[in-house]
Amino acid sequence: MTPTIIHIKDLVARCRHGDQRAQMEIYDRYYKAMYNTAYRITGHSADAEDIMQESFLNAFTKIESFKENSTFGAWLKRIVVNESITAYKKAAKLGEVSYNDELKNEVEDGVALNEDDKDNEKVRLILKQMKLLKDNYRLGLTLHLIEGYDYEEICEIMNISYANCRTMISRAKESLRKKLQDHEK
């Protein structure tokens with residue numbers, strides 16, 4: 001095992017005993033990635049921050065349910081994804097009006113600002129075009145291409161059939177391709 005994995009396991013063990021320093025170290029290690037995940041799903045920085053905080057609280061409160069079948073990061077990410085989807089569906093159901101985020105964090109559109117400018121612009125363009133997709137397309141592509149979930153996991157998360165999932169992601173990719181081609185013209 002690598003020292004990092006051993007260290008995470010040690011931190012999780014300390015968290016199970018209520019060690020707040022271990023909780024803070026885990027938070028410091030994962031908060032940016034979890035914020036990015038929540039932001040990509042919800043599309044709003046304030047919502048993403050709330051979801052991230054709530055997810056960490058849930059994780060630390062329910063740390064005993066972590067069985068180490070996967071990595072701690074994967075377990076935490078699953079909590080964030082589920083919380084994000086719940087918040088997103090709630091907002092859609094209530095018909096909340098979209099707003100512009102006035103406060104920007106160190107990360108914009110899920111892309112670190114210190115990357116190569118040319119690649120950064122391409123990524124920003126793709127993320128911008130993804131935001132224009134139908135909600136279920138955007139969510140499916142985010143889970144599949146950015147978060148790395150396979151079709152079975154997406155079916156479970158979105159509560160859809162396997163065939164529907166594959167079709168939706170295929171159509172989402174095609175829709176994104178068209179939007180990117182139209183942008184280039």
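This is a predicted model: local features need pLDDT of at least 70, side-chain atom pairs count only at pLDDT 80 or more; totals for chains, interfaces and linings use all residues.
**View 1. Packing of helix α2 against helix α3.** Helix α2 covers residues 20–42 and helix α3 covers residues 45–61; the two pack with their axes 8 Å apart, at an angle of about 135°. Because of this angle, α2 is oblique to α3. The crossing in which α2 passes α3 is right-handed. From α2, the residues that meet α3 are Gln23, Ile26, Tyr27, Tyr30, Tyr31, Met34, Tyr35, Ala38, Tyr39 and Thr42. Their partners in α3 are Ser45, Asp47, Ala48, Glu49, Ile51, Met52, Gln53, Phe56 and Phe60. Sorted by class, this contact of α2 with α3 comprises 13 nonpolar, 4 polar and 2 charged residues.

View 2. Val12 lies in helix α1, which is formed by residues 3–16. Its relative accessible area is 1%, so Val12 counts as buried, the cut-off being under 20%. Leaving aside residues up to four places away in sequence, Val12 touches Ile26, Ile63, Phe66 and Phe72. Val12 and Ala22 are 10 residues apart in sequence, and their C-alpha atoms are 7.4 Å apart in space.

**View 3. Length and buried residues of helix α4.** Helix α4 consists of 23 residues, 72–94. At 1.5 Å a residue, α4 should span 33 Å, and this agrees with the 33 Å between its end C-alpha atoms. The buried residues of α4 are Phe72, Gly73, Trp75, Leu76, Ile79, Val80, Val81, Ser84, Ile85 and Tyr88. One of them, Phe72, is also among the residues that Val12 touches.

Terms used:
Residues are numbered from 1 along each chain as its sequence is written. Side-chain values use heavy atoms; hydrogens and water are left out. Axes are lines fitted to C-alpha atoms, for helices over the stretch in contact, and angles run from 0 to 180 degrees between N-to-C directions. Helices (H or I, at least four residues) and strands (E, at least two) are DSSP runs, numbered from the N terminus. Angles under 35 degrees count as roughly parallel, over 145 as roughly antiparallel, 65 to 115 as roughly perpendicular and the rest as oblique. A crossing is left-handed if the near helix is turned anticlockwise from the far one by less than a right angle, and right-handed if clockwise. Contact means heavy atoms within 4.5 Å. Ala, Val, Leu, Ile, Met, Phe, Trp, Tyr, Cys and Pro count as nonpolar, Asp, Glu, Lys and Arg as charged, and the others, Gly among them, as polar. Buried means under 20% relative accessible area, exposed over 50%, partly exposed in between (1.4 Å probe, protein chains only). The expected span of a helix is 1.5 Å times one less than its number of residues.
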